[in-house]
Amino acid sequence: MAFRRVVKGTILIGGGAVATVFGLSQFSQYRNKHGALASVEASECRPLHMHSTLPSRESQLEALRETCEFDILIIGGGATGSGCALDAVTRGLTTALVERDDFSSGTSSRSTKLIHGGVRYLQTAIMKLDFDQYRMVKEALHERANLLEIAPHLSSPLPIMLPVYKWWQLPYYWVGIKLYDLVAGSQCLKSSYVLSKSKALELFPMLRKDKLVGAIVYYDGQHNDARMNLAIALTAARYGAATANYTEVVRLLKKTDPKSGASRVCGARCRDVLTGQEFDVRAKCVINATGPFTDSVRKMDEQKVPNICQPSAGVHIVMPGYYSPDNMGLLDPSTSDGRVIFFLPWQKMTIAGTTDTATEVTNHPIPTEEDINFILTEVRNYLSCDVEVRRGDVLAAWSGIRPLVTDPNSKDTQSISRNHVVHVSDSGLVTIAGGKWTTYRSMAEDTIDAAVRAHGLRAGPCKTVGLFLQGGEGWSPTLYIRLVQDYGLESEVAQHLSNTFGDKAFEVAKLAQVTGKRWPIVGNRLVSEFPYIESEIEYAIQEYACTAVDVIARRTRLAFLNVQAADEALPRIIEIMGKKLKWSEQKKKEQLAEAKKFLYYEMGYKARSEQLTDRSEITLSPGDIERYKKRFHMFDKDGKGFITIVDVQRVLESINLQINERALHEILNEVDLNKNGQVELNEFLQLMTAIQKGFVSGSRLAVLMKAAEENIHQRDRISVDRSGGGL
């Protein structure tokens, strides 16, 4: 009864607040109708022929070199730059795009994976009567609906729970979330609702029970950000845009306007990063869409121009899937330092983040141990004490640089703009900066509109509302069943291919090799616990993958899900790529070293490995030390003080278990701190201490040795698959 009274009171309290924004929400009806009309126009009146096959990178580079002059040249292959390319080419403009690294190699692949309007921005808009913030949220909610429509294979609605621990917060949060629904209008994904304590715990059993009053559930979108970015770029290429990754802008080209005598940007000197070859790309308009690197390109245009980008680092961590329900996220609206933390299921894992700290612009942002521990602390505050949140369960971590900007068009050039900014310099360079992932399309539309006006380009209207991205048009939720039936793929693999490639999944399936097993018939996995298969590597090359990092980070998401699994998959990935791209042995070694460096620094492997070092303190009790020594000596029969692969193989043979030598090398290497090819007793005790403290989890050597001890007389099979948890 108390809960019902609070809900009734909530409705009365919220009624007035809802009424105050009802008039503004009517604007959504016009936008919805406008969007629907644009959707029809986009689908029925596409200006260019769409290529059935994707042009090769070589042919794209040739187009860049040989085309006399493009209408538009875009610098930057993130979500915004790729969106600009798609917008421009579908308006009938000849379009070029260059990216010095890989598509989505920067901020666009390191997001929270949400497609959202921003609940916190709406709160600010209401509390401060900030109409600009309101418009930003409204625009983002419109774009959320569009993105879910044009890429249904890569995105989906996600319910997110906001747990409430004080009675007075229930009406407060309920009003805010209902306003969020109201602003979305007819594009509201699903209506939010209030849950009792018992129902909240039923849906999110890991939640902390103490003082829990109830919860509110609302809906936002979720996507595979790097694949979404890639889909935008590939769609632009299929419509005729000349897009090339690993193509760096060395300097901007300029010419003197014969009428005004002013210097005007007319293209860029580019360099193929892979070959070193340089060439000029000329264009009537150059667009700077380089995210955190906005100012470096602006300074190519005018050296003395002030910086407008104020970069902020956001760290995320990935934990095993058992930390969250399969289809329910969690929002912590107010962390200990006032930030917002999301806790979300993604790709059968759990993402937690993000932080928000000032940083320097860099190509290789590194997650810090301080940020990782901050997120873990906040997670502990919301999860049940029955769930031990361990540092060792952090499977991957990354830092993304968010390009917050000041508006050079504004009189107040010091204040941060939460919206995107489009600026045209005196020489005609068009810069698009700021904004958020969700609004990439409207940012691109505003940018191309500005470019058309500033340079007098002849172009049609924007046609990207409702325009399907590659893989989306022929996709359906049951497409994976055809993949299982037609090709003999595992169901999990088929679902993964369907949700990654959409209607192009059949092209990947055709490349899959026969396994030689009764089932599955085709599709050899790269690593046992993830549904990525070897044919995806071959297909990734068709999608412009040039390095091993492109594959583990962006064509697949293995590096973002489990750095150790990505590390183990690298030799096979490089073997397949080397064969297709005709790499020398030296090139393969370089690729392996670069990929390992990427995993070590940028994906959190360094922070993970530092949880167990040769300087780690042993704090086991005397009883535990004796127990672990006894276990160790089962393998060290000769009393050498260390164990090797030979020792492990001997014990495994005694219990009728065989593990190939490569796997054993990997298992011992996880614990071999001084990398001398053997595990000393001290290293083993350091490992067991780290496991006991929760710093390390999923150690295969520890699992294997414990299982051997328990089953040495029973001769049972021992599982040495990576586990998500510790002992």
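Helix α23 passes helix α24 in a right-handed crossing, where right-handed means that the near helix is turned clockwise from the far one by less than a right angle, and left-handed anticlockwise. Helices (H or I, at least four residues) and strands (E, at least two) are DSSP runs, numbered from the N terminus. The axes of α23 (residues 645–654) and α24 (residues 661–669) come within 10 Å and cross at roughly 115°; such axes are lines fitted to C-alpha atoms, for helices over the stretch in contact, with angles from 0 to 180 degrees between N-to-C directions. On the α23 side the contact (heavy atoms within 4.5 Å) is made by I645, V648, Q649 and L652, and on the α24 side by E661, L664, H665 and L668. Five of the contact residues are nonpolar, two polar and one charged. In this grouping Ala, Val, Leu, Ile, Met, Phe, Trp, Tyr, Cys and Pro are nonpolar, Asp, Glu, Lys and Arg are charged, and the others, Gly among them, are polar.

The model is predicted: local features need pLDDT of at least 70 and side-chain atom pairs pLDDT 80 or more, while totals for chains, interfaces and linings use all residues. Residues are numbered from 1 along each chain as its sequence is written, and side-chain values use heavy atoms, without hydrogens and water.

An unreviewed UniProt entry places the feature "domain: EF-hand" at residues 623–658 and 659–694; UniProt positions follow the numbering used here, feature names are shortened, and annotations may be inferred rather than shown by experiment. Residues 623–658 are 64% helix and 6% strand, with end C-alpha atoms 32 Å apart.

Elsewhere, the second largest pocket has a volume of about 1,200 Å³. Of its 42 lining residues, W346, Q347, K348, Q495 and N499 are the closest to its centre. A pocket is an open set of points on a 1 Å grid over the protein atoms alone, where a 1.4 Å probe fits, with protein on both sides within 12 Å along at least five of seven lines; lining residues have an atom within 4 Å of a point. Points are joined across faces, edges and corners, and the volume is the space filled by probe spheres set on them. Helix α14 gives the largest share of this lining, six residues. The lining of the second largest pocket holds 18 nonpolar, 18 polar and six charged residues.

Some backbone details remain. The peptide bond from G353 to T354 is cis, with omega near 20°.
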